[in-house]
Amino acid sequence: MRSPRRGRWYVPDVQRAAALKQGYTSVARNAASRSITGLARTRVTPNALTASGVFLCATASVLVLFENRHELLFYWLAAVVFVAGSILDILDGALARAGGKSTPFGAFLDSTTDRISEGFMLTAIAYVFARHDHDVFVAVAMAAMAGSILVSYTRARAEALGLRGDVGIGSRAERVVVITSGLVLAPWGVLPWAIALLTITAWITVGQRVLYVRRQLEGADRA
(Lines give C-alpha, C1' and ligand atoms only; values in the text may rest on other atoms or scores of the structure.)
Protein backbone atom coordinates (compact mmCIF):
# COMPACT_ATOMS: atom_id res chain seq x y z
CA MET A 1 0.00 0.00 0.00
CA ARG A 2 1.29 3.41 -0.96
CA SER A 3 1.96 5.65 1.99
CA PRO A 4 -0.48 8.59 2.16
CA ARG A 5 2.41 10.76 3.23
CA ARG A 6 4.10 10.58 -0.18
CA GLY A 7 3.74 13.27 -2.79
CA ARG A 8 4.44 16.95 -2.92
CA TRP A 9 2.52 17.57 0.32
CA TYR A 10 4.91 15.34 2.27
CA VAL A 11 6.96 17.30 4.80
CA PRO A 12 9.98 15.38 6.15
CA ASP A 13 10.38 15.14 9.89
CA VAL A 14 13.68 16.96 9.60
CA GLN A 15 11.95 19.96 8.05
CA ARG A 16 9.32 19.92 10.78
CA ALA A 17 12.04 19.85 13.43
CA ALA A 18 13.77 22.76 11.68
CA ALA A 19 10.52 24.73 11.60
CA LEU A 20 9.94 24.03 15.30
CA LYS A 21 13.48 25.12 16.13
CA GLN A 22 13.07 28.30 14.10
CA GLY A 23 9.83 29.00 15.92
CA TYR A 24 11.16 28.82 19.46
CA THR A 25 14.34 30.61 18.43
CA SER A 26 12.26 33.51 17.13
CA VAL A 27 10.18 33.57 20.32
CA ALA A 28 13.33 33.65 22.45
CA ARG A 29 14.85 36.45 20.38
CA ASN A 30 11.67 38.52 20.51
CA ALA A 31 11.47 38.08 24.30
CA ALA A 32 15.12 39.12 24.62
CA SER A 33 14.51 42.18 22.44
CA ARG A 34 11.56 43.29 24.58
CA SER A 35 13.47 42.80 27.83
CA ILE A 36 16.47 44.73 26.60
CA THR A 37 14.59 47.93 25.66
CA GLY A 38 15.42 49.74 28.92
CA LEU A 39 19.04 48.63 28.87
CA ALA A 40 19.45 49.96 25.34
CA ARG A 41 18.97 53.50 26.72
CA THR A 42 21.93 53.13 29.06
CA ARG A 43 25.65 53.24 28.36
CA VAL A 44 26.01 49.48 28.74
CA THR A 45 27.56 48.03 25.59
CA PRO A 46 26.99 44.62 23.98
CA ASN A 47 30.68 43.86 24.43
CA ALA A 48 30.33 44.46 28.18
CA LEU A 49 27.52 41.90 28.32
CA THR A 50 29.61 39.48 26.27
CA ALA A 51 32.55 39.82 28.65
CA SER A 52 30.27 39.41 31.66
CA GLY A 53 28.77 36.28 30.16
CA VAL A 54 32.19 34.74 29.61
CA PHE A 55 33.22 35.61 33.15
CA LEU A 56 30.13 33.93 34.60
CA CYS A 57 30.58 30.80 32.47
CA ALA A 58 34.24 30.61 33.52
CA THR A 59 33.17 31.00 37.15
CA ALA A 60 30.64 28.19 36.67
CA SER A 61 33.36 25.91 35.33
CA VAL A 62 35.49 26.59 38.41
CA LEU A 63 32.54 25.78 40.67
CA VAL A 64 32.20 22.40 38.97
CA LEU A 65 35.71 21.53 40.13
CA PHE A 66 34.57 21.71 43.75
CA GLU A 67 31.93 19.00 43.30
CA ASN A 68 34.02 16.62 45.40
CA ARG A 69 33.33 18.81 48.45
CA HIS A 70 29.56 18.97 48.10
CA GLU A 71 27.99 17.58 44.94
CA LEU A 72 24.53 19.06 45.21
CA LEU A 73 25.68 22.54 46.23
CA PHE A 74 28.43 23.07 43.68
CA TYR A 75 26.77 21.36 40.72
CA TRP A 76 23.56 23.32 41.22
CA LEU A 77 25.40 26.58 41.85
CA ALA A 78 27.45 25.98 38.70
CA ALA A 79 24.24 25.35 36.75
CA VAL A 80 22.69 28.62 37.93
CA VAL A 81 25.81 30.67 37.14
CA PHE A 82 26.23 28.96 33.76
CA VAL A 83 22.63 29.76 32.80
CA ALA A 84 23.11 33.38 33.89
CA GLY A 85 26.21 33.68 31.73
CA SER A 86 24.44 32.08 28.78
CA ILE A 87 21.49 34.48 29.13
CA LEU A 88 23.88 37.41 28.96
CA ASP A 89 25.23 35.87 25.78
CA ILE A 90 21.70 36.03 24.34
CA LEU A 91 21.12 39.57 25.57
CA ASP A 92 24.30 40.99 24.04
CA GLY A 93 23.00 40.34 20.53
CA ALA A 94 19.56 41.68 21.46
CA LEU A 95 21.16 44.82 22.91
CA ALA A 96 23.22 45.33 19.77
CA ARG A 97 20.09 45.12 17.61
CA ALA A 98 17.86 47.21 19.88
CA GLY A 99 20.38 49.97 20.47
CA GLY A 100 21.83 50.10 16.98
CA LYS A 101 25.19 49.10 18.43
CA SER A 102 25.97 46.21 16.09
CA THR A 103 29.53 46.15 14.82
CA PRO A 104 31.50 43.55 12.83
CA PHE A 105 33.95 43.20 15.72
CA GLY A 106 31.11 42.73 18.18
CA ALA A 107 29.68 39.90 16.08
CA PHE A 108 33.14 38.33 15.83
CA LEU A 109 33.72 38.68 19.57
CA ASP A 110 30.32 37.19 20.38
CA SER A 111 30.83 34.06 18.28
CA THR A 112 34.37 33.62 19.61
CA THR A 113 33.42 33.92 23.27
CA ASP A 114 30.64 31.34 22.80
CA ARG A 115 33.32 28.75 22.12
CA ILE A 116 35.41 29.98 25.06
CA SER A 117 32.48 29.64 27.46
CA GLU A 118 31.68 26.09 26.36
CA GLY A 119 35.37 25.21 26.30
CA PHE A 120 35.78 26.23 29.95
CA MET A 121 32.76 24.19 31.03
CA LEU A 122 33.55 21.06 29.01
CA THR A 123 37.18 21.13 30.19
CA ALA A 124 36.04 21.31 33.81
CA ILE A 125 33.59 18.46 33.26
CA ALA A 126 36.29 16.36 31.59
CA TYR A 127 38.54 16.98 34.61
CA VAL A 128 35.77 15.78 36.93
CA PHE A 129 35.34 12.65 34.81
CA ALA A 130 39.08 11.99 35.06
CA ARG A 131 38.96 12.51 38.83
CA HIS A 132 36.32 9.78 39.08
CA ASP A 133 38.18 7.47 36.66
CA HIS A 134 35.57 7.79 33.91
CA ASP A 135 38.21 7.60 31.19
CA VAL A 136 35.76 6.88 28.37
CA PHE A 137 33.68 9.93 29.22
CA VAL A 138 36.80 12.12 29.29
CA ALA A 139 37.18 11.25 25.61
CA VAL A 140 33.46 11.86 25.08
CA ALA A 141 33.78 15.34 26.61
CA MET A 142 36.67 16.12 24.28
CA ALA A 143 34.60 14.92 21.33
CA ALA A 144 31.78 17.18 22.54
CA MET A 145 34.15 20.15 22.56
CA ALA A 146 35.36 19.38 19.04
CA GLY A 147 31.79 19.01 17.83
CA SER A 148 30.77 22.28 19.48
CA ILE A 149 33.59 24.13 17.75
CA LEU A 150 32.76 22.57 14.38
CA VAL A 151 29.08 23.49 14.71
CA SER A 152 30.14 27.13 14.93
CA TYR A 153 32.81 26.77 12.26
CA THR A 154 30.48 25.23 9.67
CA ARG A 155 28.02 28.09 10.13
CA ALA A 156 30.78 30.69 9.84
CA ARG A 157 32.14 29.10 6.66
CA ALA A 158 28.68 28.83 5.14
CA GLU A 159 27.93 32.48 5.84
CA ALA A 160 31.33 33.45 4.40
CA LEU A 161 30.14 31.83 1.15
CA GLY A 162 26.90 33.81 1.31
CA LEU A 163 24.87 30.76 2.31
CA ARG A 164 22.76 29.76 5.31
CA GLY A 165 24.43 27.52 7.86
CA ASP A 166 22.23 27.81 10.93
CA VAL A 167 20.31 24.52 10.59
CA GLY A 168 20.63 21.50 12.87
CA ILE A 169 19.36 20.07 16.12
CA GLY A 170 22.30 21.02 18.32
CA SER A 171 22.92 24.76 18.16
CA ARG A 172 24.10 26.92 21.05
CA ALA A 173 20.76 27.12 22.86
CA GLU A 174 20.23 23.35 22.81
CA ARG A 175 23.75 22.71 24.05
CA VAL A 176 23.24 25.10 26.97
CA VAL A 177 20.06 23.24 27.92
CA VAL A 178 21.80 19.85 27.78
CA ILE A 179 24.81 20.99 29.83
CA THR A 180 22.62 22.71 32.42
CA SER A 181 20.37 19.67 32.75
CA GLY A 182 23.43 17.46 33.16
CA LEU A 183 24.78 19.69 35.95
CA VAL A 184 21.45 19.79 37.79
CA LEU A 185 21.13 15.99 37.64
CA ALA A 186 24.84 15.29 38.13
CA PRO A 187 24.47 14.12 41.77
CA TRP A 188 22.39 11.24 40.40
CA GLY A 189 24.94 10.21 37.76
CA VAL A 190 23.32 11.85 34.73
CA LEU A 191 26.15 14.20 33.74
CA PRO A 192 28.20 11.65 31.72
CA TRP A 193 25.14 10.71 29.69
CA ALA A 194 24.21 14.35 29.16
CA ILE A 195 27.65 14.99 27.69
CA ALA A 196 27.27 11.89 25.52
CA LEU A 197 23.96 13.31 24.24
CA LEU A 198 25.66 16.66 23.65
CA THR A 199 28.37 14.95 21.61
CA ILE A 200 25.90 13.04 19.45
CA THR A 201 23.71 16.05 18.73
CA ALA A 202 26.72 18.29 18.00
CA TRP A 203 28.16 15.91 15.43
CA ILE A 204 24.76 15.28 13.86
CA THR A 205 24.42 19.06 13.53
CA VAL A 206 27.80 19.27 11.80
CA GLY A 207 26.62 16.66 9.30
CA GLN A 208 23.31 18.47 8.79
CA ARG A 209 25.06 21.75 8.08
CA VAL A 210 27.53 20.19 5.65
CA LEU A 211 24.71 18.53 3.71
CA TYR A 212 22.61 21.71 3.78
CA VAL A 213 25.46 23.78 2.36
CA ARG A 214 26.01 21.15 -0.33
CA ARG A 215 22.33 21.29 -1.35
CA GLN A 216 22.48 25.09 -1.55
CA LEU A 217 25.54 24.96 -3.76
CA GLU A 218 24.03 22.32 -5.99
CA GLY A 219 20.86 24.41 -6.30
CA ALA A 220 22.94 27.46 -7.25
CA ASP A 221 24.75 25.44 -9.94
CA ARG A 222 21.44 24.30 -11.48
CA ALA A 223 19.97 27.81 -11.42
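Predicted model: local features only at pLDDT ≥ 70, side-chain atom pairs only at ≥ 80, totals over all residues.
Reader: What secondary structure does the protein have?

Author: The protein has eight helices and zero strands. Read from the N terminus on, the elements run α-α-α-α-α-α-α-α.

Reader: How do I read the length of a helix, say H5?

Author: Compare its reach with what is expected at 1.5 Å a residue. Helix H5 covers residues 104-131, which makes 28 residues, and reaches 41 Å from its first C-alpha to its last, close to the 40 Å expected. After H5 comes Asp-133, with a positive phi near 60°.

Reader: Which residues of H7 are buried?

Author: Here is the general idea first. An α-helix has 3.6 residues a turn, so residues three or four places apart point the same way. In H7, the buried residues are Arg-172, Glu-174, Arg-175, Val-176, Val-178, Ile-179, Thr-180, Gly-182 and Leu-183.

Reader: Why does Arg-175 count as buried?

Author: Arg-175 counts as buried because its relative accessible area is 2%, and the cut-off for buried is under 20%. This residue is found in helix H7, residues 172-184. Leaving out residues up to four places away in sequence, Arg-175 touches Arg-115, Glu-118, Ser-148, Val-151, Gly-170 and Leu-198. For the protein as a whole, 39% of the 223 residues count as buried.

Reader: What do contacts say about the whole chain?

Author: Look at how far apart the partners are in sequence. Among contacts between residues at least 6 apart, 79% join residues at least 24 apart.

Reader: How many cavities of 30 Å³ or more are there?

Author: Rolling a probe the size of a water molecule over the atoms shows where empty space is left. Here the count comes to one cavity of 30 Å³ or more. The largest cavity has a volume of about 40 Å³.

Reader: Which residues line the largest cavity?

Author: The lining consists of Thr-50, Gly-53, Val-54, Gly-85, Asp-89, Thr-113, Asp-114, Ser-117 and Arg-172. Helix H3 (46-64), helix H4 (71-98) and H5 each supply at least two of the lining residues. By type, the lining has one nonpolar, five polar and three charged residues.

Key
Residues numbered from 1 in each chain as written. Heavy atoms only, no water. Helix = DSSP H or I, 4+ residues; strand = E, 2+ residues; numbered from the N terminus. Expected span 1.5 Å × (residues − 1). 1 Å grid on protein atoms, 1.4 Å probe; cavity = no way out; pocket = protein on both sides within 12 Å on 5 of 7 lines; lining within 4 Å. Points joined across faces, edges and corners; volume = space filled by probe spheres on them. Nonpolar A, V, L, I, M, F, W, Y, C, P; charged D, E, K, R; others polar. Buried < 20%, exposed > 50% of the residue type's maximum accessible area, 1.4 Å probe, protein only. Contact = heavy atoms within 4.5 Å.
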